[in-house]
Amino acid sequence: LLKVLEARLLAAVAAVLLEGHALPLNQQKATQRFLAYRRARRCIEADEDHGSVQQLAKSLGVCRRSLEAGFREAMALSPRAFMREVRLNRVHRELLYASRGKLKVTTALERQGFTELGRAAGYYRKLFDESPSSTLFRQPPKAGIRLLDALHA
């Protein structure tokens, strides 16, 4: 019995690897997860503060696990990691276009809801390959400035 089970398991694994067959997918659930991901992404990018992933999922009428699965399938990221990257990008733009001496890194990070500033700076360095203070003191690009950033400079 053990040898038969082992043979069937190996055959199934070989079929998946060699022929690209995947396990049966419930198309309706996959579509619901994708739609939840898309609505959540719009909320996050629009800077609608929902706090946690659980609260965001509740406001969208889906469970947290479905939302997380939708993000993993669409972006290979968790919703929490996506939220963090969006907030870090906002900090990056704010630091890049800030007037000299008018903004502190701490202020920019706190405005985006970061409470653990050292950890946030580590995430920032990993994402942008420089420290937040290096971005603050770097010359902003001459072309390509967004109107919103120009108005806040």
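Q: Is R64 buried, partly exposed or exposed in this predicted model?
A: In this predicted model, R64 is partly exposed, with a relative accessible area of 33%.

Q: And which residue does R64 form a salt bridge with?
A: R64 pairs with E68 in a salt bridge, and the closest N and O atoms are 2.9 Å apart.

Q: Where do E68 and R64 lie?
A: Both residues lie in helix α4, which covers residues 64-75. E68 and R64 are four residues apart there, about one turn of the helix.

Q: Why can such side chains pair at all?
A: Side chains of opposite charge can pair when their charged atoms come close.

Q: How many salt bridges are in the whole structure?
A: A search of the whole structure finds seven salt bridges.

Q: What about E45, which residue does its side chain meet?
A: The side chain of E45 meets that of R41 in a salt bridge, at 2.9 Å from N to O. Both belong to helix α2 (residues 27-45), and because they are four residues apart, about one helical turn separates them.

Q: Are E45 and R41 buried or partly exposed?
A: E45 counts as partly exposed, at 42% relative accessibility. R41 counts as partly exposed as well, at 28%.

Q: Changing topic: what does E130 pair with?
A: E130 and R138 form a salt bridge through their side chains, with an N to O distance of 2.5 Å.

Technical notes: Residues numbered from 1 in each chain as written. Predicted model: local features only at pLDDT ≥ 70, side-chain atom pairs only at ≥ 80, totals over all residues. Heavy atoms only, no water. Salt bridge = Lys/Arg side-chain N within 4 Å of Asp/Glu carboxyl O. Helix = DSSP H or I, 4+ residues; strand = E, 2+ residues; numbered from the N terminus. Buried < 20%, exposed > 50% of the residue type's maximum accessible area, 1.4 Å probe, protein only.
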